[in-house]
Amino acid sequence: MDLAARPGEHGLHRAARVEDAVKGVVGSGLRRRGYHARAVAYPCYGGPGWVRVLGRVLLGREDDAAEAERDAVRSVRGWRNFLTVPVAGADVTVHLAGRRLRLRTDRGGYLDEVVEVDLPPGVHPITLTVGPGAEVDAGALQAAAERVDDDTEGGAELVPEAAREHRGTARVVVVGPQPQLGLLSDIDDTVVVTRLPRPLLAAYNSFVLNERARVPVNGMAEMYQQFVAENPGSPVLYLSTGAWNVAPTLTRFLRHNGYPEGPLLLTDWGPTNTGWFRDGSAHKRGTLARLARELPQVTWLLVGDDGQHDPTLYAEFVAAAPERVAGVAIRRLTPAEQLLAGGHPLTAAAAPRDSRVPWVTGDNGFELMHRWHRAGLLHDA
């Protein structure tokens, strides 16, 4: 695995241009119906002297209080998460540790920027604000779209000068400079039963299934709670190929089922500057490499499942940066899950023969916790 950062490709793919045009037409219609820009702040992380700011600006009509009350009392079908129109080129004010920073959303309405700010280790609030005065210079935006360096520029929907102010809040986890353990977990079929490799059932789980009907993987929450109890203050991050649209749903699911809070590292399912769809494996591989660069003081415990590419990706990461990995835990899917996922019913995630770190497998979190205990990675299982 190459840990070096790479620059983006040049030029927007035809799919991205089509997507931008559709968003522009739909967005204009929604604005005429009273929709306005709304800031969504995602939990993020940072280290000594910096913070990675994650968020998005979408069109909507409800304020934070109304939306929170609605989601608390009603069951939300998955498809509602995908009925969103992003706002590209929106100026967003970031309120962090008494500082005000101005950032601009990319063509998907996302914020993903590393900012310089010195915060003590721990959890801190972050607020994103979009609203009056956040107009965009259309000429400058068009010029930027013509010289795209990666898939984070361009866009079709602008923030009008008369937009109402809206704020989104989240938490940022700042990791201290001292050496420490961290937990990095996959989500699909690792903490929640999704059977994601199966296209039809994956679509059902993502778009139709009531979020409160999702099933947690047995014992995983207890395993993560044990890690947090033994390593207070250590970072817990969740890495998935899932879309950012489901971040609020996943956050509520994790909280409801007793998982430790932590930033979600998701992706955008939409077109890029190079193709119609994003590469999920590339997203995970790139995120692992980025965490190794950004947080060199952290040694990671990696958790995943054998239904997709986690064993291969984790093995690559261990081979490239063994000093950054303390152990690996792979949840085995049941024979039926493996068969329906397109594999062999007896498929197993065997540890690499040359693994340089403890590598354990198990059917659920309780088995994995016990085997990490035997390997000395957990102490009070």
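What share of the contacts in the protein chain between residues at least 6 apart in sequence join residues at least 24 apart?

1. That share is 77%, counted among contacts between residues at least 6 apart in sequence, where contact means heavy atoms within 4.5 Å. The model is predicted, and local features need pLDDT of at least 70, side-chain atom pairs count only at pLDDT 80 or more, and totals for chains, interfaces and linings use all residues. Residues are numbered from 1 along each chain as its sequence is written, and side-chain values use heavy atoms, with hydrogens and water left out.

2. The protein chain holds 10 helices and 15 strands, these being DSSP runs numbered from the N terminus (helices H or I, at least four residues; strands E, at least two). Of its 381 residues, 53% count as buried, that is, under 20% relative accessible area with a 1.4 Å probe, protein chains only.

3. An open sheet of mixed pairing is formed by 7 strands in the order S4-S3-S6-S7-S1-S2-S5, where two strands pair if DSSP finds at least two bridges between them. Its edge strands, S4 (99–104) and S5 (110–116), each pair on one side only. Within the sheet, S1 (residues 36–47) and S2 (residues 50–60) are antiparallel over 10 bridges, and Tyr45 stands opposite Arg52 in S2.

4. Helix H5 (residues 220–230) packs with helix H10 (residues 365–374) at an angle of about 35°, their axes being 7 Å apart; axes are lines fitted to C-alpha atoms over the stretch in contact, and angles run from 0 to 180 degrees between N-to-C directions. Among the residues making this contact are Met223 of H5 and Trp372 of H10.

How values were computed
Buried means under 20% relative accessible area, exposed over 50%, partly exposed in between (1.4 Å probe, protein chains only).
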